[in-house]
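Take a look at the sequence and the structure below. Then follow the paragraphs one stop at a time.

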Protein chains: 2
Amino acid sequence: MATSSEYKEFLERVRELSTLEQVGSLLDWDQQTYMPPGAFPQRGQQGALVAGIMHERLTSDRMGRLIRALQRQPLSPDGEVIVREVARKWRKASCVPGPLVREITKTASLGFEAWQRARKADDYKSFEPYLARMIGLKARVAEHVGYDNRPYDALLDDYEPGTRARDVEALFKRLIAKLVPVVKRVLDAPVPENAVPPGTYPLEAQREFMTTLATGMGYDLSHGRIDLSAHPFTIGAARDVRITFRHKEDNPIYAIFPIIHEAGHALYEQGFQERYFGTPLAEAVSMGLHESQSRLWENVVGRSLPFWTYYYPKMQRAFPRFRKVPLEAWHREINRVSRNFIRVDADELTYNLHIALRFEAEAAIFDGKLKTREIPEFWNERFEKYLGLEVPDNASGCLQDVHWSTGNFGYFPSYTIGNLYAAQLWDAAQRQVPGLEDRIAAGDLGAFLGWLRQNVHRHGKRYDAAELMKRVTGSPISEDFFIRYVSEKYGRLYGIKIKTAPKIAVRR
Amino acid sequence: MATSSEYKEFLERVRELSTLEQVGSLLDWDQQTYMPPGAFPQRGQQGALVAGIMHERLTSDRMGRLIRALQRQPLSPDGEVIVREVARKWRKASCVPGPLVREITKTASLGFEAWQRARKADDYKSFEPYLARMIGLKARVAEHVGYDNRPYDALLDDYEPGTRARDVEALFKRLIAKLVPVVKRVLDAPVPENAVPPGTYPLEAQREFMTTLATGMGYDLSHGRIDLSAHPFTIGAARDVRITFRHKEDNPIYAIFPIIHEAGHALYEQGFQERYFGTPLAEAVSMGLHESQSRLWENVVGRSLPFWTYYYPKMQRAFPRFRKVPLEAWHREINRVSRNFIRVDADELTYNLHIALRFEAEAAIFDGKLKTREIPEFWNERFEKYLGLEVPDNASGCLQDVHWSTGNFGYFPSYTIGNLYAAQLWDAAQRQVPGLEDRIAAGDLGAFLGWLRQNVHRHGKRYDAAELMKRVTGSPISEDFFIRYVSEKYGRLYGIKIKTAPKIAVRR
């Protein structure tokens, strides 16, 4: 079919929106890496102006007319995906009234400050009014956006398009039931000793080794770069995808796993097809799928024995202090499991328990079953139930995360969804890539990256997450892949026997 | 008088344009410092989109209506300046038709490539059609913009608002007549020996010393930063003004004078008043005045004995090889005068002769008196007349500069105008700041910077260049300050007697 002039204009506008988004990303990147401290106020103005122009253009009358016209025209398969995805974004951006958006932005800014003070002072009461206000505003957003069943669905949709609270609930329930006994079994085993030799690991040596790791994974420095920042992140799109790492002088672990994690995100972005740049066909399916890529690399590959069989000798050359630490001790070191109050410090096993309780709280809040004043009690009860620890204060409990203060309800589940996708993709890759672990042990990460590119990356948003997972792995999303992966891995590592989940039948 | 709602809206729009300009500057800065090479194509799109949005907003109907309404309203003195200057920009942006602007952009891009090839191959003929085409386009711009007398005035106005070719012509004629004999006298004296000790000057030591110099001048790192780039530049505005330096491992001079030059530009930008940020009251008067600031610091201060009396011991600590080089040898080294075909390698004395011939060529071109095919001959004749050297090829002659290939006619005179302003401002500062040179020799550059801030920087575009110079120095612009400055300086340096211009009578 012929490409209509409306489609051409639409596509040009879509690509311009993407270009503006890239500009916004550079403002963010600079702010977190090189921006002089005194430039803070004007950077805020710059970011807000670019975001405002993007919103104006996305919700313009002309864009609306074009989308409606194209929805009635026959389109190529690519065109269908692009129109579908842009229409989704357009609808969401158009249906929330401007004053509500601005009120959320203002409340987020005040809420963020209030949260920082409250966490420092361990004073939940002082934060509660801001949290309550934000919940009220987001509930109004949900009403504007609309939902089939529960308001929380509308919020979840920002991060996991098309996913319903009901399904996540069922998934988490099954996961928790199977995971809690595994965690308990592992936590009862003796904890491995600290294997990191004390001393100084200079920044430049760390930077060099992080570059070795990222480029070894396939990260392309001609379309990216590696810098330092307080919190590691991946940013950018198309031909310019940048990552950062953090630096602690006394332990390179604080740089290593974040850089593998961020390079995993970046490989996804660098794996899109050039001809689709600037369109949803060169965008991540969902937050969960993005997270699956970072966690596959960070945890499943990056904390595995085959990976370090190849990279540990390089690391020992980079940081000679490690010459006296055997590979096996290092492997145990980077897979230590422990009870921890703080999510961001948690290992891959307990991490999902942290997430589960946050999801349960969010769902209960937007179902109207959990009042803000009841959150600390809810939190602490669940925490003790899942992790067997009594939370000593709210700073180590429900005040630890920034997300709620800025209104990011629906974000947390993506972390665990990403972990589950990662284990499920890994299972498929093991079956489909001959000699996968041997190749990794020989330093050949290209076979695995090639598989990811072919099966996941190159599709962009062509399929939603459920469909993509089924196509790639032959199975709908299931917690069993993760349970089996951790049972086997930690069973071996800790020399204990964990009853693993039954082998999952997959088509293919 | 009350501030009208139109004025408020106008000011908000003006500040948004400035914010967009800052965004564009960050794109440029990143491109020249840290951008991955493969990001080049999309950076072009980003820059073009931001520039397009700026143009759209500046020339919008609403902006036009606001400007016309405000031109009929009584305004505060500040408001008058802001409306006057934005109206000037608006008029210029509005009166050139879009297709002509786009044709110039395209021709500039093609012309730039053609120029690069032509310079490499020393093949003027291959570049001539592009040059002719660009001249034709800029002549059409001049017709659209309008002029009193000569089309070239309209182009000059982009860089030196309100300046007429006639006046520049007269100024350059007087300057040349007085400068050529001085140059000849100096060039006949024996050239000082090379004083830079051979060896390696590592990047980190150079970076540290460049930071010492720039911050010693008063450059504020909390609102700026110093990076490496192939060509040094200053970029940014308001609370974020960044500079760069270049690095040659075997000679720190290649970093030192560019960093002093760029810090001079940056001090001007950092000297505007915060309450005017985002308006013409926090913008440079003209290209020439901007250049006066960089050249005052680079040449008049930065190549002076008092400056190095304080900084040379620091430099000897930074680069210990210089311990065996006496201060006087270093002072002669950094003030070497020589015949040189290339403008950017020229010293402060001969530099203006390079500029004079370019200005004469430009003026003749737009007066219709010089055809493109005659440019090489014109160039070579003038060069021999002013500098006493026969130009061996066009690559060392009329093909050496990028400016004409991209249509920047009217830019060159600013360099020399900047040199003349610099000498004239220095003369005033010496009279007005007690013990100026002693203070500089003691490392106190604050007295001089304070004088510049008070007399030049804080005014932004309140006065035009002619009025500002008269207010600050008590005299209209004159070449005599420069002639006297170089005659005294080089007479002393080379131990020769140069007949200096008579003392200039100034009011005050």
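Predicted model: local features only at pLDDT ≥ 70, side-chain atom pairs only at ≥ 80, totals over all residues.

Start where chain B meets chain A. The two chains bury about 2,800 Å² between them. Of that area, 61% lies on carbon and sulfur atoms. Chain B brings 35 residues to the contact, and chain A brings 35 residues. Tyr34(B), Gln42(B) and Leu49(B) supply 20% of the area that chain B buries against chain A, more than any other three residues.

Polar pairs also cross this interface. Twelve residue pairs are in polar contact between chain B and chain A. On the chain B side, the elements that give two or more residues are helix 1 (5–33), helix 2 (40–58) and strand 3 (240–245). Helix 2 of chain B gives the largest share, ten residues. The rule finds six salt bridges across the interface. In one salt bridge, Arg43(A) pairs with Asp240(B) at 3.7 Å, N to O.

Now look at two arginines of chain A. Arg225(A) sits in the loop between helix 9 (203–217) and strand 1 (226–228) of chain A. Is this residue buried or exposed? Arg225(A) counts as buried, because its relative accessibility is 17% and the cut-off for buried is under 20%. Its side chain makes a polar contact with the side chain of Asp227(A), at 2.7 Å. A polar atom of the Arg225(A) side chain also lies 3.0 Å from the backbone oxygen of Tyr34(B). Beyond its sequence neighbours within four places, Arg225(A) is in contact with residues of both chains, including Trp29(A), Tyr219(A), Tyr34(B) and Pro36(B).

Arg239(A) lies in the loop between strand 2 (234–237) and strand 3 (240–245) of chain A. Arg239(A) is buried too, with a relative accessible area of 18%. Leaving aside neighbours within four places in sequence, its contacts include His223(A), Glu274(A), Gly38(B) and Gln42(B).

Next come salt bridges within a chain. Side chains of opposite charge can pair when their charged atoms come close. The structure holds 74 salt bridges over all chains. Glu9(B) and Arg13(B) form one of them, with the closest N and O atoms 3.0 Å apart. Both lie in helix 1 of chain B, four residues apart, about one turn of the helix. Residues three or four places apart in an α-helix point the same way, because the helix has 3.6 residues a turn. Glu9(B) is partly exposed at 25% relative accessibility, and Arg13(B) is partly exposed at 29%.

Asp427(B) and Arg484(B) form another salt bridge, at 3.2 Å between the closest N and O atoms. This pair links distant parts of the chain, 57 residues apart: Asp427(B) in helix 16 and Arg484(B) in helix 20 of chain B. Asp427(B) is buried at 12% relative accessibility, and Arg484(B) is buried at 8%. In chain A, a network of salt bridges links Arg84(A), Glu85(A), Arg88(A), Lys92(A), Asp157(A) and Asp158(A).

End at helix 12 of chain B, residues 305–318. Where does this helix bend? The bend is at Tyr311(B), by about 45 degrees, and Pro313(B) follows within four residues. At the start of the helix, a side-chain oxygen of Ser304(B) reaches to within 3.3 Å of the backbone nitrogen of Phe307(B). The buried residues of helix 12 include Phe307(B), Trp308(B), Tyr311(B) and Met315(B). The helix's buried residues pack against helices of chain B, among them helix 9, helix 10 and helix 11.

Conventions. Residues numbered from 1 in each chain as written. Chains lettered and ligands numbered in written order. Heavy atoms only, no water. Expected span 1.5 Å × (residues − 1). Bend = angle between axes of the 7 residues up to and from the residue. Buried < 20%, exposed > 50% of the residue type's maximum accessible area, 1.4 Å probe, protein only. Contact = heavy atoms within 4.5 Å. Polar contact = N/O pair within 3.5 Å; in protein donor to acceptor, adjacent residues only side chain to side chain. Buried area = accessible area lost by both parts, 1.4 Å probe. Salt bridge = Lys/Arg side-chain N within 4 Å of Asp/Glu carboxyl O.
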